[in-house]
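Hi,

Here is the structure I promised to pass on to you. Have a look at it first, and then read on for what turned up.

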Amino acid sequence: MHRLGPGESLAFETGADEVCVVVLQGVATVAAQRQTWREIGQRGSVFDDAPPAAVYVPAGEAVTVTANTSAEIAVARAPGTAGRPARLIDPATMKRTTRGEGSNTRFVCDILPQTEPADRLLVVEVTPQIDLERDSAFEAARRERLQEPSEIEHTLVQGQVRVPSLAGV
């Protein structure tokens, strides 16, 4: 996950991967294949009752994401081929379902499902049902513990991935 301030950009090459750029929060402009999708995204939080905005980009392309507001951007990747057109994935077309019940309720949003054109990439967003009073305190404590601005931090140490514990948060 990438956190961008207003006007900041993230530029990368897709290489041998197809990618899906997901605007988790905020508003951003995405450019790829000589196309530009301006000011996509509308959510203030991943817990808003709305699907995210997203852009599919095939392998072998340059991508630039520029934040119009403070934004959180996810980039999903999978091995792919060149030749498909880059495209905006309209939030209005994303299927949303509810799974589980009670404290196990989860909301699933199919961002790039298997029914849409892509080589291997499937992208979904799963969010839990939240208790705003309890969970906002948890989120504040969790963010204080993280040293870098990423959703899940990891460090490669001698060939092993170490994920910091969130115990006690």
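Asp119 counts as partly exposed, because its relative accessibility is 28% (buried means under 20% relative accessible area, exposed over 50%, and partly exposed in between, with a 1.4 Å probe and protein chains only). Its side chain meets that of Arg84 in a salt bridge, 3.2 Å from N to O (a salt bridge is a side-chain nitrogen of Lys or Arg within 4 Å of a carboxyl oxygen of Asp or Glu). Arg84 sits in the loop between β8 and β9 (87-89), and Asp119 in the loop between β11 (106-112) and β12 (123-128), so the pair ties together parts 35 residues apart in sequence. Arg84 is partly exposed too, at 27%.

Before you go further, please keep in mind that this is a predicted model: local features need pLDDT of at least 70, side-chain atom pairs count only at pLDDT 80 or more, and totals for chains, interfaces and linings use all residues. Residues are numbered from 1 along each chain as its sequence is written, and side-chain values use heavy atoms, with hydrogens and water left out.

Back to the salt bridges: the structure holds 5 of them. One of them joins the side chains of Glu72 and Arg3, at 3.0 Å from N to O. Here Glu72 belongs to strand β8 (residues 71-79) and Arg3 to strand β1 (residues 2-4), so this contact links parts that are 69 residues apart in sequence (helices, H or I with at least four residues, and strands, E with at least two, are DSSP runs numbered from the N terminus). Glu72 is buried, at 7% relative accessibility, while Arg3 is partly exposed at 28%.

Asp17 and Arg77 form another salt bridge through their side chains, at 3.1 Å from N to O. Asp17 is in strand β3 (residues 17-25) and Arg77 in β8, so parts 60 residues apart in sequence are tied together. Asp17 is partly exposed at 21%, and so is Arg77 at 40%.

Now for a sheet. Four strands make an open one in the order β2-β7-β4-β5, with antiparallel pairing (two strands pair if DSSP finds at least two bridges between them). At its edges are β2 (9-13) and β5 (35-40), each pairing on one side only. Within the sheet, β4 (residues 28-32) and β7 (residues 62-67) run antiparallel and are joined by 5 bridges. If you want a spot to look at, Thr29 stands opposite Thr66 in β7.

Cheers
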